[in-house]
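Work through the exercises below with the sequence and the model open. Each task is followed by a solution in steps.

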Amino acid sequence: MSDVPAMREVLGDDAPSNWGKWGPDDELGSLNYLDAAEVLRGAQHITSGETFTLQIQMGRAESPGDPLWPGRRGIERKNELDESTWDTDAAPQFPGGLHYADDTALMFLQGSTQYDALGHVWYDGKLWNGYDARSTVDAMQKASVLPIAEKGIVGRGVLIDMARHRGKEWLDKGETFDHTDLEAAAAAQGVEILPHDILVIRTGWMKYWYDLNDPEKFYDGFAEPGLTYSRELVEWFQSNEIPNLVTDTIANEVTYDPVSGVALPLHCALMRNLGVTLTEIAWLDDLADACAADGRWTFLYVAAPLKVVNGTGAPVNPVAIR
Ligand code: UVW
């Protein structure tokens with residue numbers, strides 16, 4: 001028998017919740033905060049016109065490959081058609097002699113920089129907004145990534161560079177921080193985290209993956225750094241009406257809650273209970289360098305995850321425009 005308590009015990013019977021706030025059929029959760037006024041507010045933070053794409057490369061053949069949650073596989077891209085196809089007579093023939101290349105791809109939808117569907121995690125048999133967890137069987141019928149993808153995510157992004165704030169290239173394995181640390185880092189950066197901001201947090205963990213170039217060492221005692229659960233932190237997300245959390249880690253939070261030992265409690269507290277959308281495996285180093293160079297930590301954040309019907313998540317290449 002494990003000594004680790006159940007998720008409900010950790011989060012509490014009266015855990016902060018936004019269920020029902022946007023009606024019984026809602027599948028967007030806190031992304032509802034991102035209305036037209038928020039798009040215009042975000043656009044005010046474009047001053048130099050620089051753009052930063054925040055996806056990692058997918059399907060790198062060179063070591064260390066792609067960073068993944070343990071047990072997942074990265075994209076397997078395969079040539080279906082290329083010039084060699086026309087070495088035989090079986091090749092398709094088109095008037096005028098057209099040749100072309102086609103690929104297929106097999107991948108975990110969470111196998112790169114990605115948006116999680118709000119139904120991606122749950123406990124006690126209920127997903128976001130109270131939907132029955134059985135609605136995930138065979139295909140995610142409720143709170144899939146599709147409504148999120150149909151909406152698109154546009155608003156003011158604010159980057160909090162926790163690694164830089166702590167004077168490190170990257171945070172250590174299992175290193176934690178909370179909302180008070182975020183606010184201290186923001187104050188040191190000279191920026192304020194405002195209601196409805198898309199909260200982008202850099203830990204340096206993606207850079208660690210590529211610089212270390214040693215998957216065995218990276219996965220040994222797998223414990224990412226990140227936000228750590230407390231009720232106050234969850235209330236802070238709720239009262240600040242944060243629509244979207246974006247990090248350069250594989251799972252957005254410290255892997256195991258240091259107090260209870262429970263895995264990924266913030267996934268449940270933020271995604272399932274508050275409807276906060278989670279975005280993982282973002283490449284933030286180039287953006288962070290630019291922000292640090294001129295002291296501007298806010299930007300227009302734009303992301304359009306792929307419209308995967310019934311998807312539990314979808315790959316994405318967000319763009320920060322500053
Ligand atoms: C899990 O929920 C296990 O992973 P992630 O949110 O990182 O996709």
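The model is predicted: local features need pLDDT of at least 70 and side-chain atom pairs count only at pLDDT 80 or more, while totals for chains, interfaces and linings use all residues. Residues are numbered from 1 along each chain as its sequence is written, and side-chain values use heavy atoms, with hydrogens and water left out.

**Exercise 1. The ligand**

Solution. 
Step 1. In the side chain of His267, an N or O atom is 2.6 Å from an oxygen atom of the ligand. For Glu280, a polar side-chain atom lies 2.9 Å from a ligand oxygen atom. With Ile250 the atom is a backbone N or O, 2.9 Å from an oxygen atom of the ligand.
Step 2. On its own the ligand has 260 Å² of accessible area, and the protein covers 90% of this. Such areas come from the Shrake-Rupley method with a 1.4 Å probe; for residues, only the protein chains shown count as cover.

**Exercise 2. The nonpolar cores**

Task: Which residues touch the most other members of the largest nonpolar core?

Solution. 
Step 1. Buried means under 20% relative accessible area, exposed over 50%, and partly exposed in between (1.4 Å probe, protein chains only). A nonpolar core is a set of buried Ala, Val, Leu, Ile, Met, Phe, Trp, Tyr and Cys residues joined through side-chain atoms within 4.5 Å.
Step 2. The largest core has 70 residues, and Ile160, Leu182, Leu199, Phe237 and Tyr301 touch the most other members. Helix α9 (residues 265–274) supplies the largest share, six residues. Helices (H or I, at least four residues) and strands (E, at least two) are DSSP runs, numbered from the N terminus.
Step 3. Apart from this core lies another, of 11 residues, including Met206, Tyr208, Trp209 and Tyr210.
Step 4. In helix α6 (residues 205–212), the buried residues are Trp205, Met206, Tyr208, Trp209 and Tyr210. The buried residues of α6 pack against α7 (215–219).

**Exercise 3. Leu233 and Ser112**

Task: Is Leu233 buried or exposed, and which residues does Ser112 contact?

Solution. 
Step 1. Leu233 belongs to helix α8 (residues 231–239). It counts as buried because its relative accessibility is 0%.
Step 2. Contact means heavy atoms within 4.5 Å. Beyond its neighbours within four places in sequence, Leu233 is in contact with Asp178, His179, Leu227, Thr228 and Leu266.
Step 3. Ser112 sits in the loop between β3 (102–106) and β4 (114–116). With a relative accessible area of 1%, Ser112 is buried.
Step 4. Neighbours within four places aside, Ser112 contacts Gln55, Ile56, Met58, Met107, Glu280 and Ile281. The side chains of Ser112 and Gln55 make a polar contact at 3.1 Å.

**Exercise 4. Backbone exceptions**

Task: Where in the chain are Asn213, Glu241 and Pro64?

Solution. 
Step 1. Start from the general rule: most residues other than glycine have a negative phi, and most peptide bonds are trans.
Step 2. Asn213 is in the loop between α6 and α7. Although not a glycine, Asn213 has a positive phi of about 55 degrees. Its relative accessible area is 36%, so Asn213 is partly exposed.
Step 3. Glu241 is in the loop between α8 and β9 (244–247). Its phi is positive, about 50 degrees, and Glu241 is not a glycine either. At 23% relative accessibility, Glu241 is partly exposed.
Step 4. Pro64 is in the loop between β1 (51–53) and β2 (76–81). The peptide bond joining Ser63 and Pro64 is cis, with omega about 10 degrees.

Methods
Polar contact = N/O pair within 3.5 Å; in protein donor to acceptor, adjacent residues only side chain to side chain.
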